[in-house]
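Reader: I have a new model to read. Please take me through a few features, one at a time.

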Amino acid sequence: MDVRGFVSVVCALGLASCASGGPSPSRTDAVAPIPASRVADPLRGDFDPITPGEAADTDRLGATVRWGGGIDRVVFQDGRSCFTMRAARLTPSGQPDWTRESNNERFVACRAGFYDALRFAPFREVTFVGRIDGHTQLDGERVATIEARVVYLFSDCLDIDAATDPQCAYGPVEPGAPPGEP
């Protein structure tokens, strides 16, 4: 067989492999990916449409809300992390959307456990799902507070960084151990 014939056979075998879906996995314990339609979305649900500003002026204790925006600061005290937030309107999927309709409303969202203020730095975008549990004063202004059951961090990293930098991770975030604790 000459070189042209050999190259033709190799190319034909390569194309045949592509057409058949390639070689089958040698491992029998390979796990198929879960379809996106079956993955639970922690930002979905039925929420009270009240805004943080409206909640500051009323007593809607216990209302389940989905609020988000940009972080002003995070404080860890008495076993809880509290996020002081600048509210933004949310897209249908729950991501903060800084449109002209966004205003200067503020709120505080707290959750038991430690959330690192370095990871949850000012201006990072977070969405919370929780229940209105009261009010507090911020700079002389009454704002609503919620007890969060979901803390969902959105990434502001470039796609190239997201695969290698743990600070670029996004999605629901569970609390960690405070510094100095195992």
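Author: Start with strands and helices. Helices (H or I, at least four residues) and strands (E, at least two) are DSSP runs, numbered from the N terminus. Here, Arg-66 is found in strand E1, residues 64–77. The model is predicted, so local features need pLDDT of at least 70, side-chain atom pairs count only at pLDDT 80 or more, and totals for chains, interfaces and linings use all residues. Residues are numbered from 1 along each chain as its sequence is written, and side-chain values use heavy atoms, with hydrogens and water left out.

Reader: How many helices and strands does the chain have?

Author: It has three helices and seven strands. Along the sequence the pattern is α-α-β-β-β-β-β-β-α-β.

Reader: Is Arg-66 buried or exposed?

Author: Buried means under 20% relative accessible area, exposed over 50%, partly exposed in between (1.4 Å probe, protein chains only). Arg-66 is buried.

Reader: Which side chain of opposite charge is nearest to Arg-66?

Author: Lys and Arg count as positive, Asp and Glu as negative; His and the chain ends are not counted. A salt bridge puts a side-chain nitrogen of Lys or Arg within 4 Å of a carboxyl oxygen of Asp or Glu. For Arg-66 the nearest opposite charge is Asp-41, 6.6 Å away, and Arg-66 has no salt bridge.

Reader: Why does Phe-128 count as buried?

Author: Because its relative accessibility is 0%. Phe-128 lies in strand E5, residues 125–138. Contact means heavy atoms within 4.5 Å. Not counting residues up to four places away in sequence, Phe-128 touches several residues, including Arg-66, Trp-67 and Phe-107.
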